[in-house]
Amino acid sequence: MANVHKKVHRSQFKRERNAQNDKRPSAKLSYARIPVQKACFVLDAIRGKDVKTALGILAYNPRYASGVIKKLVESAIANAENNNNLQADKLYIAECYAGNGPIMKRVHPRAQGRAYRIFKRMSHITVVLDER
């Protein structure tokens, strides 16, 4: 029972960062109209890369989430330069993750008076940078 994977709520990440008094620059996007699974495809591609490489990957990635995450990475870089006085060329993406947001439930009419539900999922995306 040692390797039991327990589900962690997204606010647990923030609690852990605050407990460690984490001062790394970060940016967070709440209520992004992207499902977590689709956002994670893009986040997995840039995790651990330096900022310049990550922006290049995001610029040429055809997925919709890459444009949204590119803006988020640029915001994190601006936070690092303005708030922490760090140089952009020394930064890399230390952490990036997406957590579940609320779900908008919609109804799609079907044949013979039936109705199917459509779930429009949202996510909360966080990018944390660090200096090499």
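Let me begin with a term: a residue is called buried when its relative accessible area is under 20%, exposed when it is over 50%, and partly exposed in between, with a 1.4 Å probe and protein chains only. The helices (H or I, at least four residues) and strands (E, at least two) that I will name are DSSP runs, numbered from the N terminus.

What we are looking at is a predicted model, in which local features need pLDDT of at least 70 and side-chain atom pairs count only at pLDDT 80 or more, while totals for chains, interfaces and linings use all residues. Residues are numbered from 1 along each chain as its sequence is written, and side-chain values use heavy atoms, with hydrogens and water left out.

Let me start with helix H3, which runs over residues 51-60 and has Val51, Ala54, Leu55 and Leu58 as buried residues. These residues lie on the same side of H3, because they cover an arc of only 100° around the axis, the arc being that of the directions from the helix axis to the C-beta atoms. On the face turned away from that buried side, H3 carries the exposed residues Lys52 and Tyr60. As for what covers the buried residues of H3, the list includes helix H2 (36-46), helix H4 (64-83), strand S2 (91-109) and strand S3 (115-131), where contact means heavy atoms within 4.5 Å.

Helix H2 can be described in the same terms. Its buried residues are Val36, Ala39, Val42, Leu43 and Ile46, and they line one face of the helix, since they fall within an arc of 130° when seen down the axis of H2. The cover over these buried residues of H2 includes H3, H4, S2 and S3. After H2 comes glycine 48, with a positive phi near 85°.

Now to the loop between H3 and H4, where we find asparagine 61. A polar atom of the asparagine 61 side chain lies 3.3 Å from the backbone nitrogen of arginine 63; a polar contact here is a pair of N or O atoms within 3.5 Å, where within protein one must be able to donate a hydrogen and the other to accept it, and residues adjacent in sequence count only if both atoms are side-chain atoms. If we leave aside its neighbours within four places in sequence, asparagine 61 is in contact with Val42 and Ser66. Serine 66 itself belongs to helix H4 and is buried, because its relative accessible area is 2%. Not counting residues up to four places away in sequence, serine 66 touches Val42, Leu58 and Asn61.

Further along H4 is alanine 76, which counts as buried because its relative accessibility is 0%. Its contacts, leaving aside neighbours within four places in sequence, are Pro25, Ser26, Ala27, Val127 and Leu129.

Which residues touch the most other members of the largest nonpolar core? Of its 28 residues, they are Ile46, Ile69, Val73, Ile93, Ile125 and Leu129, a nonpolar core being a set of buried Ala, Val, Leu, Ile, Met, Phe, Trp, Tyr and Cys residues joined through side-chain atoms within 4.5 Å. Two or more residues of this core come from each of strand S1 (26-32), H2, H3, H4, S2 and S3, and the largest share, 8 residues, comes from H4. Isoleucine 125 has contacts beyond four places in sequence that include Ala27, Leu29, Ala39, Leu43, Ile69 and Leu72.

Strand S3 also holds lysine 120, which counts as partly exposed because its relative accessibility is 33%. Not counting residues up to four places away in sequence, lysine 120 touches Arg33, Pro102, Ile103, Met104 and Arg106.

Most residues other than glycine have a negative phi. Asparagine 85, in the loop between H4 and S2, has a positive phi of about 55°, and it counts as exposed because its relative accessibility is 66%. Glutamine 112, in the loop between S2 and S3, has a positive phi near 60°, and glutamine 112 is exposed, with a relative accessible area of 70%.

Finally, a word on rings. The charged end of arginine 132 sits over the ring of tyrosine 92, 4.3 Å from its centre, the criterion being NZ of Lys or CZ of Arg within 6 Å of the ring centre and within 35 degrees of the ring normal.
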